[in-house]
Amino acid sequence: MNNAIVGLVRGYEDKSLYDKLIKRNLLLNEFVTDKFKLDYPYVLFHEGNISLNDQSYIRYESHNDNIIFVDVSKHWDSNIRGYINMCRFNSFYIWDYC
């Protein structure tokens, strides 16, 4: 059985808007990786709008090279509100990746 810490995140043009995500990652490093010695990858699903540059920035600021970004834009419907897309992804499509 493989384990991972997963999240569905959104991309931003302003890097400072990733601060909460980076803080979350740092806390996971502290309480999961360091305290319990569990080295799980962080799998971050996104709508295809986190650039490679931003991905590198998030990894660097999170002090973690074991962050995997997965573009799930093919499951995103621009005609549906964001919250509903999120619910659909977490109810149905996430299992294709797990």
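Student: What makes the approach of the N64 side chain to the backbone nitrogen of N66 a polar contact?

Tutor: The side chain of N64 reaches the backbone nitrogen of N66 at 2.6 Å. A polar contact is a pair of N or O atoms within 3.5 Å; within protein, one must be able to donate a hydrogen and the other to accept it, and residues adjacent in sequence count only if both atoms are side-chain atoms. The model is predicted: local features need pLDDT of at least 70, side-chain atom pairs count only at pLDDT 80 or more, and totals for chains, interfaces and linings use all residues. Residues are numbered from 1 along each chain as its sequence is written, and side-chain values use heavy atoms, leaving out hydrogens and water.

Student: Why is N64 called buried?

Tutor: N64 has a relative accessible area of 11%. Buried means under 20%, exposed over 50%, and partly exposed in between (1.4 Å probe, protein chains only). The 11% of N64 is under the cut-off, so N64 is buried. N64 is found in the loop between α2 (52-61) and β3, where helices (H or I, at least four residues) and strands (E, at least two) are DSSP runs, numbered from the N terminus.

Student: Which residues does N64 contact beyond its neighbours within four places in sequence?

Tutor: They are N29, Y42 and R59, contact meaning heavy atoms within 4.5 Å.

Student: How do you know that N29 is buried?

Tutor: N29, in helix α1, has 10% relative accessibility, so N29 counts as buried. The side chains of N29 and Y42 are joined by a polar contact of 2.7 Å. Leaving out residues up to four places away in sequence, N29 touches D34, Y42, S62, H63 and N64.

Student: Why is I84 called partly exposed?

Tutor: I84, in helix α3 (residues 82-97), has a relative accessible area of 36%, so I84 falls between the two cut-offs.

Student: What makes a set of residues a nonpolar core?

Tutor: The residues must be buried Ala, Val, Leu, Ile, Met, Phe, Trp, Tyr and Cys, joined through side-chain atoms within 4.5 Å. The largest such core here has 13 residues, and among those with the most contacts inside it are Y18, L44 and F69. Elements giving two or more residues to this core are β1 (5-9), α1 (19-36), β2 (42-46) and β3 (67-71). The largest share, 4 residues, comes from α1. Apart from this core lies another, of 7 residues, including V43, V70, F89 and I94. In soluble globular proteins, nonpolar side chains tend to be buried together.
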